Amino acid sequence: MSTVNSAQQAVELVANQAIDAALQQTFAVGGAIIDNATGNVIVAMHNNVLMPFPGAAQPYFLPHDPTAHGERQLVDWYFENRVAMNLPAPAQLTVVTTLDPCAMCAGSLLTAGFNVAVSAIDDYAGINYNSAFSFPTLPPAVRQQAQNSWGYYAIAAPVSRAYQGANSPVFSQQTIDSAAYYLTASIFNASVTTVRDASNNSGLPPAQLQNPATLPAHSKVRQALTQLSPYALTVTCPNPRDPGATLAQPLLNTAQNADSFNAVALLDPFGNLIACLGGAENQSPIKTAFMQTTRGYALLRWTLMNDPDPAVRAEAAQYLTHPKYGTFVFLYAPDPSTPQAVMTFGAYGSTMEGPVPQSYPSNLQYVLPPANTTPQQLATLAQSLPPFYTQSVQVSPAQVLDQGLIDAVKNGV
Ligand SMILES: [Zn+2]
């Protein structure tokens with residue numbers, strides 16, 4: 001385990017992670033969990049949204065996991081290892097990152113309760129996109145939490161930025177040099193457009209796609225879908241943007257079997273239910289149903305698209321496409337007063353990673369809002385996200401249209 005003794009050293013350490021990410025052709029962002037009391041670097045990671053398949057002769061298909069941002073991975077790593085490694089509480093640790101966290105990562109970090117220290121600003125998708133430390137996206141109580149536990153390191157001349165933030169992050173009030181800051185900002189900017197395009201354009205449009213409901217039982221694509229979710233290809237909605245009451249049972253049963261309060265289904269452009277997963281909040285508070293569903297489907301595609309058998313790769317490409325052409329259906333929308341809701345809408349944005357084919361209603365739907373919540377509160381949160389989410393992705397959560405589906409869920413049928 002290495003140790004860092006200053007903000008400069010901490011940023012240089014995470015910048016090295018960002019360089020590794022750039023070499024991997026993914027978003028060039030890196031981060032680390034550092035012990036405030038000792039400066040020990042507990043773990044360092046980088047973005048893995050694009051990643052070569054291990055052991056593949058060449059990286060055929062890089063889109064790996066749209067939620068594999070450095071900070072989100074650090075949060076899950078922490079909850080997987082905190083007992084075995086007897087780690088300090090998140091409030092005694094700082095996630096130091098090269099780039100201001102996106103909405104998904106900000107929501108993840110605030111759910112977990114880490115201190116956060118940042119080098120570069122992301123004025124398009126970062127939670128501090130306006131550089132004002134006012135966090136207009138965050139619900140009021142969550143905003144206060146961020147202002148009490150986050151900081152943006154000071155930068156020496158010629159950039160000359162004052163320290164902005166709380167005193168609780170490790171090396172708070174310290175200054176990094178302009179070279180370290182420029183490295184963290186420019187290496188991300190050099191990567192962002194190509195990685196977004198590679199993610200957003202990674203599947204066939206519906207007109208060129210074949211219907212996976214026609215796949216035979218021995219098809220490896222069908223078997224992989226069934227293994228991910230036993231309800232895969234058991235339900236088809238005539239209109240993929242207007243799911244009906246047949247979706248109630250898979251959603252309710254999945255939530256119950258996962259011992260989770262929620263479940264999220266993904267319908268493909270044919271209206272087939274292709275994935276439906278519950279949350280795993282008992283493992284990590286950020287393993288919500290949406291995170292599990294979008295990640296599970298992405299990992300399934302990444303694995304099949306890199307299968308050693310070219311026939312399997314061809315079948316995966318012909319029958320499975322990007323979720324932007326499908327519909328996500330939540331059993332319950334996230335509670336808009338929580339950091340998990342910011343994380344969820346952010347993770348939806350990261351899943352889309354660019355423009356979504358416009359349709360009514362949108363492809364982000366829920367059966368019921370959580371108790372004491374109105375659809376308007378969910379819309380308000382979506383509209384207050386950083387510019388990437390409102391302008392490029394256009395996150396617009398909507399309640400399902402079918403009253404039969406709403407009634408079936410309310411009645412627990
Ligand atoms: Zn992120």
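Modeller: Let us begin with the metal site: along the chain, the donors of the zinc ion follow the spacing H-x32-C-x2-C. This is a predicted model, in which local features need pLDDT of at least 70 and side-chain atom pairs count only at pLDDT 80 or more, whereas totals for chains, interfaces and linings use all residues. Residues are numbered from 1 along each chain as its sequence is written, and side-chain values use heavy atoms, with hydrogens and water left out.

Colleague: What makes an atom a donor of the zinc ion, and which residues coordinate the zinc ion?

Modeller: Donors are N, O and S atoms within 2.8 Å of the metal (3.2 Å for Na, K and Ca); water is not among the atoms, so sites may look incomplete. His69 (ND1), Cys102 (SG) and Cys105 (SG) coordinate the zinc ion at 2.0 to 2.3 Å. The pair His69 and Cys105 links distant parts of the chain, 36 residues apart: His69 is in the loop between strand E2 (41–46) and helix H2 (70–81), and Cys105 is in helix H3 (residues 103–112). Helices (H or I, at least four residues) and strands (E, at least two) are DSSP runs, numbered from the N terminus.

Colleague: Why does Ser362 count as buried?

Modeller: Buried means under 20% relative accessible area, exposed over 50%, and partly exposed in between (1.4 Å probe, protein chains only). Ser362 has 13% relative accessibility and therefore counts as buried. Ser362 lies in the loop between helix H10 (339–352) and strand E12 (364–368), and Pro361 lies in that loop between H10 and E12 too. The peptide bond from Tyr360 to Pro361 is cis, with omega near -10°.

Colleague: What does Ser362 touch, not counting residues up to four places away in sequence?

Modeller: Ser362 touches Arg241, Thr327 and Ser396, where contact means heavy atoms within 4.5 Å.

Colleague: Why do Gln173 and Gln394 count as partly exposed?

Modeller: Gln173 has 47% relative accessibility and so counts as partly exposed; Gln394, at 37%, counts as partly exposed too. Phi of Gln173 is positive, about 70°, although Gln173 is not a glycine. Gln394 likewise is a residue other than glycine with a positive phi, near 60°. Gln394 is found in the loop between helix H12 (387–393) and strand E13 (398–399).

Colleague: What makes a set of residues a nonpolar core, and how many residues has the largest?

Modeller: A nonpolar core is a set of buried Ala, Val, Leu, Ile, Met, Phe, Trp, Tyr and Cys residues joined through side-chain atoms within 4.5 Å. The largest has 79 residues, and Ile33, Phe114, Trp150, Tyr348 and Val395 have the most contacts inside it. Helix H8 (residues 289–305) gives the most to this core, with eight residues. Leaving aside neighbours within four places in sequence, Val395 is in contact with Phe345, Tyr348, Leu364, Ala382, Leu385 and Tyr389.

Colleague: Why is the protein as compact as a globular protein of that length?

Modeller: The protein has 13 helices and 13 strands. Its radius of gyration is 21 Å, close to the 22 Å that the globule rule gives for 413 residues, so the protein is as compact as a globular protein of that length. The radius is taken over C-alpha atoms, and the rule is 2.2 Å times the number of residues to the power 0.38. Buried residues make up 62% of the 413 residues.
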